[in-house]
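I would like to go through this protein with you one question at a time.

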Amino acid sequence: MKPLIIALALVLAAPLPASAHPRPPRDLRQLSQQTGVKIGSAVDLAALRAESDYRRTLNREFNHVTAENAMKWESVEPQRGVFTWEDADALVESARRNRQQVRGHTLVWHNQLPAWLTTGVEDGSIGATELRQILRDHITTQVRRYKGKIRAWDVVNEVVEEDGTMRQSIWLKHLGPGYIADAFRWAHRADPHAKLFINDYNLEWNAPKIETTLSVVKDLQAQGVPIHGIGFQGHLGIQYDYPGDWANVMRRFADLGLEVAITELDVRMELPVTPEKLATQATYYSRAMTDCLSVKACRELTVWGFTDRHSWVPGWFEGEGAACLLDENLAPKPAYHALLAVKSPR
């Protein structure tokens, strides 16, 4: 009996496996490893080049990156036929060196188009047939350039209005609704392995926009169009209620076989900043992560900039700001710690 007693004592004294004592993640990369959700940030290319603390923080915390502006049409082709790939190339190369995947943003949008294109359409010098060829060439050129280097593309961005009607962009007005299917087909031909997304804002809660976007996806699928994912931008504000049905909305798209991504998350507040506002902001960030984790198809959570030093919010929403996980000095805010504290049900 004595050997058995000794053996039993040794078993009882042995340390439990690491999984029995899950340690809180030390940073967002480790949170991504523990949850299986890619965690990314939009990247300001000027800051990436010029600010070593910005660069170190980005590469320490995130395993997924999106160009904030460097891949938009006005940035890559400011003059017709004259391409400026330096910033987009720099992001892709930085991601390669730092073991990060890339979201391409965005191929078709109604904003940040080059003046030569919008002016030509307005004055009639670019007709519908030529416009379609221009769009095809743009998508094909950009996607081919980064073939095998971009995990996912936001192929069409913000194509549904708040009231559920299709956005009256130059694309819809001059090419008809078929431009959406064309864009996905052209992107797929240029890189058959990239995941192709439709991306929009207020899709977390706006019922007319949700229903129309679901119809668009179903119609594309019925045509055999290669669409793989839905992107929820997630631009939230603490002065508004958190979109409490967000997880169920994600599931409705996931039920169509789509991958789900939160693509542009930030949580702004009316200034000045107070501890109470920061605490509320933290709950919004943690709820977004929790909602994502509750839906198996949700594979990515990307914030639209990680530091208030370079947030787009103050320039667009007067009197608002402090929307990011880190402050201007890159100090973690309560929202950052709230993300690390989220428990994964997966």
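The questions and answers below concern a predicted model.

Me: Which cysteine is joined to Cys 292 by a disulfide?
Reply: A pair of cysteine sulfur atoms is taken as a disulfide when they lie within 2.5 Å, and by this rule the count comes to one disulfide. In that bond the S to S distance is 2.1 Å, and the partner of Cys 292 is Cys 298.

Me: What is the handedness of the disulfide between Cys 292 and Cys 298?
Reply: Cys 292 and Cys 298 are buried. The torsion about their S-S bond is about -100 degrees, so the disulfide is left-handed.

Me: How far from Cys 324 is the nearest cysteine sulfur, and is Cys 324 buried or exposed?
Reply: Cys 324 is in no disulfide, and the nearest cysteine sulfur, that of Cys 292, is 19 Å away. Because buried means under 20% relative accessible area, and the relative accessibility of Cys 324 is 0%, Cys 324 counts as buried.

Me: What distance separates the end C-alpha atoms of residues 31–342?
Reply: The unreviewed UniProt entry carries the annotation "domain: GH10" over residues 31–342. Over that stretch the chain is 44% helix and 18% strand, and the distance between the end C-alpha atoms is 9 Å.

Me: Which strand gives the most to the lining of the largest pocket?
Reply: The largest pocket holds about 670 Å³ of space, and of the 27 residues that line it, the closest to its centre are Tyr 201, Gln 233, His 235, Trp 312 and Phe 317. At least two lining residues come from each of strand 7 (235–237) and strand 8 (259–270). With three residues, the one that gives the most is strand 7.

Me: Is Glu 264 buried or exposed?
Reply: The unreviewed UniProt entry marks Glu 264 as "active site", and this residue is found in strand 8. Leaving aside neighbours within four places in sequence, the contacts of Glu 264 include His 105, Asn 157, Asn 199, Gln 233, His 235 and Trp 304. Because its relative accessibility is 5%, Glu 264 counts as buried.

Key
Residues are numbered from 1 along each chain as its sequence is written. This is a predicted model: local features need pLDDT of at least 70, side-chain atom pairs count only at pLDDT 80 or more; totals for chains, interfaces and linings use all residues. Side-chain values use heavy atoms; hydrogens and water are left out. Buried means under 20% relative accessible area, exposed over 50%, partly exposed in between (1.4 Å probe, protein chains only). UniProt positions are given in the numbering used here, feature names are shortened, and annotations may be inferred rather than shown by experiment. Helices (H or I, at least four residues) and strands (E, at least two) are DSSP runs, numbered from the N terminus. On a 1 Å grid over the protein atoms alone, a cavity is a set of points where a 1.4 Å probe fits but cannot get out, and a pocket is an open set with protein on both sides within 12 Å along at least five of seven lines; lining residues have an atom within 4 Å of a point. Grid points are joined across faces, edges and corners, and a volume is the space filled by probe spheres set on the points. Contact means heavy atoms within 4.5 Å.
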